[in-house]
Structure formats: C-alpha cells, structure tokens
Amino acid sequence: MFREFFGFRHKPFGKTPNPAFLYESPQHREALARLEYAVEEKELALLCGDVGSGKTTLSRALIDRIGEARPVILIVNPALSPAQLLRSIASGFGLTPKHHRADLLDQLYTKLFELYESGREPVLIIDEAQLIPTKATFEEIRLLTNFQLDDDNLLSIVLIGQPELKERLGHRAYRALRQRIGIQYSLSPLSEEETVRYVQHRLQVAGGGTNPFTIDAMSAIHRYSEGIPRVINTLATTALLDAFGDESVTIDGARIAAAAREHGLDGRQR
Ligand SMILES: Nc1ncnc2c1ncn2[C@@H]1O[C@H](COP(=O)(O)OP(=O)(O)OP(=O)(O)O)[C@@H](O)[C@H]1O
Ligand SMILES: [Mg+2]
C-alpha cells in the first residue's frame, strides 16, 4: 500500500470531512470563530463557500468544539417541506413528533424552554441548505428564530450552503430571514501559500516523515485545484498512487499535471 511506502499512518488526503485533519487557514479559522460566536450568542449564522471548500469539515469541527455543552441537531439533507423540517428537529431532540403543526410547535417550544433552563440551548445546523426546496421551508426556519424569551434566543441556527444559497437569500422575498442573519462568512479558495501549508498539514497529521511533493508539484497542485481543498486531495492522492506504482519517492509537477489530466482538470490551467 502507498501508505507504508511513504510512511503514513493514515490516508493523508481522504475524502471525508474529518475534522482531525482540519487545517486552520486564516479564513477557516475566522469562519469557525464566527460560528462559535453564533452558537454562544444564539444567533442565526450563514456559511457559504464553493463546492469542496471545507464547509462540512468546519461544521464537524464546530460540533467537536461544542462537545457535550449543547445538543446539536444536524440536518444534512434539507430537501424538506416545512412540516418535515419541524419533525426532523423534534426527532433530533429524541421526541416523537406530534402530528398537528400547533402541537408540534408546542412540543418544540417546551423542549427548547427545558434546555434553556438547564443552560444548554441547542444548535441547529442545516448543511446543504441550497437544497431547501421552497421559500415556505425558509419561512419555517425564520419562525424558529422567533422562539425567544425576553431578549434571549432559545437556539442558534447555522445555515451552510453553496454560493447560490447566499444569492437566493439576497432576493427581496427573503429579506425577513436575511435581516435575522447575525453572522455570516463566505469561504474563498486557498492561496498558493495556503495550499502548500494545507498539503504539509495533512501529511503531518497522517504521520508522514518527508514531504514527497516538490515545490514545482505544489505550485501545480494549486494551479490545477484553484485552491479548492477537495480537488487538492484528489490530485494529491492520484499522484501518490501513481508515484507508488513507479516506486518514486518524490512527486514533481509533471506527475501532478498527469493527475490533473486524468481527472479532466487540465483545461483549468491558465
Ligand atoms: N480546512 C480544511 N482542512 C482540512 N481538510 C479540509 C479543509 N477544507 C476542506 N478539507 C477537505 O476537503 C474535502 C472537501 O471538504 P468539505 O466536504 O468540507 O467541503 P464542502 O464545502 O462541504 O463541499 P460541498 O459543497 O461539496 O458540500 C474534504 O475531504 C475535507 O476533508
Ligand atoms: Mg459539504
């Protein structure tokens, strides 16, 4: 296996949003800090970023940081009607959702109040929020932010999605929800320097001794991936496998270019 060949204990460029590998680029760090603030202040937060930019990884890191302090309800497939959304939230609290909307809302409010009294206000995280089908479901989310006591919200809500989510919420029809967003952040791609640090970081977490990527390879990785972490991972894994096949302990720019061709990314080269 290439892992032994390069001396890694773990796969360095896995596909899963594993927070153990989190590289805190300045923007990932800032995004996480804002999300933690949103949780503390029980705000409504919006995190956007391109496909593969690290949104889900950040949500997992946030959940790790929250730990046992608060219950977290994570919805990863929000293609839900308003009623389905409320039911998913109730199930997330371990409740058996009531059938009628008014009863269901009562049930949720009772639970939220109970958690408030024990100082453990929950966090609702909706990933892939661009998949929310209709405005009605967004309205339901907005109404959840009305669960308040005096000046205190009873829960925090984190909406995560691709850039079209932000665009959609920018439309006039969504202004009531938009006004309630207290915290927002958009992830942008990694710079070349950050790409190098990202690769080094993942190699280090994987327990690798020496970095097989030459400077030339690093700059090719950045060029072909355009700084998108998921694409960086794909290129790096392909190049590692390829180098292992050739028993080569170094990876140069040409090997990255071959990996990019294999994944149809070579058209991206400027
Ligand atoms: N800051 C980071 N540190 C370490 N790995 C990261 C980071 N950002 C992204 N990755 C890695 O890149 C890949 C894609 O990340 P992730 O799934 O979080 O992206 P996403 O923005 O949620 O993408 P999508 O829009 O497709 O849902 C994962 O393998 C993840 O581990
Ligand atoms: Mg994701």
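1. Is strand 1 (residues 44–49) largely enclosed by the rest of the structure or exposed? Six of the six residues of strand 1 are buried, so the strand is largely enclosed by the rest of the structure. Buried means under 20% relative accessible area, exposed over 50%, and partly exposed in between, with a 1.4 Å probe and protein chains only. Strands here are DSSP runs of E with at least two residues, and helices are runs of H or I with at least four; both are numbered from the N terminus.

2. A word on the source. This is a predicted model: local features need pLDDT of at least 70, side-chain atom pairs count only at pLDDT 80 or more, and totals for chains, interfaces and linings use all residues. Residues are numbered from 1 along each chain as its sequence is written, chains are lettered from A and ligands numbered from 1 in the order in which they are written, and side-chain values use heavy atoms, leaving out hydrogens and water.

3. Five strands form an open sheet with parallel pairing, in the order 2-3-6-1-7. Strand 2 (72–75) and strand 7 (181–187) are the edges; each has a single partner strand, so one side of each lacks a neighbour in the sheet. On average, neighbouring strands are turned by 15° against each other, direction ignored. Two strands pair if DSSP finds at least two bridges between them.

4. Back to strand 1. In a regular strand the side chains alternate between the two faces of the sheet. Leu 44, Leu 46 and Cys 48 point one way from strand 1. Ala 45, Leu 47 and Gly 49 point the other way, and all are buried. Five bridges join strand 1 to strand 6 (residues 156–161) in parallel. Ala 45 has Val 158 as its bridge partner there. Six bridges, also parallel, pair strand 1 with strand 7.

5. Ile 181 deserves a look. It belongs to strand 7 and is the bridge partner of Leu 44. Ile 181 counts as buried because its relative accessibility is 13%. Leaving aside residues up to four places away in sequence, Ile 181 touches Leu 44, Leu 46 and Leu 169; contact means heavy atoms within 4.5 Å. Ile 181 and Glu 43 are 138 residues apart in sequence, yet 7.2 Å apart in space, C-alpha to C-alpha.

6. Ile 75 stands opposite Ile 126 in strand 3. Helix 4 (residues 82–92) lies across both strands, at about 140° to strand 2. Axes are lines fitted to C-alpha atoms, for helices over the stretch in contact, and angles run from 0 to 180 degrees between N-to-C directions.

7. Check the ligand site. Of the 23 residues around ligand 1, Tyr 23, Lys 55, Thr 56, Thr 57 and Arg 202 come nearest; a residue is near if one of its heavy atoms lies within 4 Å. An oxygen atom of ligand 1 is 2.7 Å from an N or O atom in the side chain of Lys 55. For the side chain of Thr 57, the distance from a ligand oxygen to an N or O atom is 2.6 Å. Taken alone, ligand 1 exposes 630 Å², and the protein buries 96% of that. Accessible areas come from the Shrake-Rupley method with a 1.4 Å probe; for residues, only the protein chains shown count as cover.

Terms used
Polar contact = N/O pair within 3.5 Å; in protein donor to acceptor, adjacent residues only side chain to side chain.
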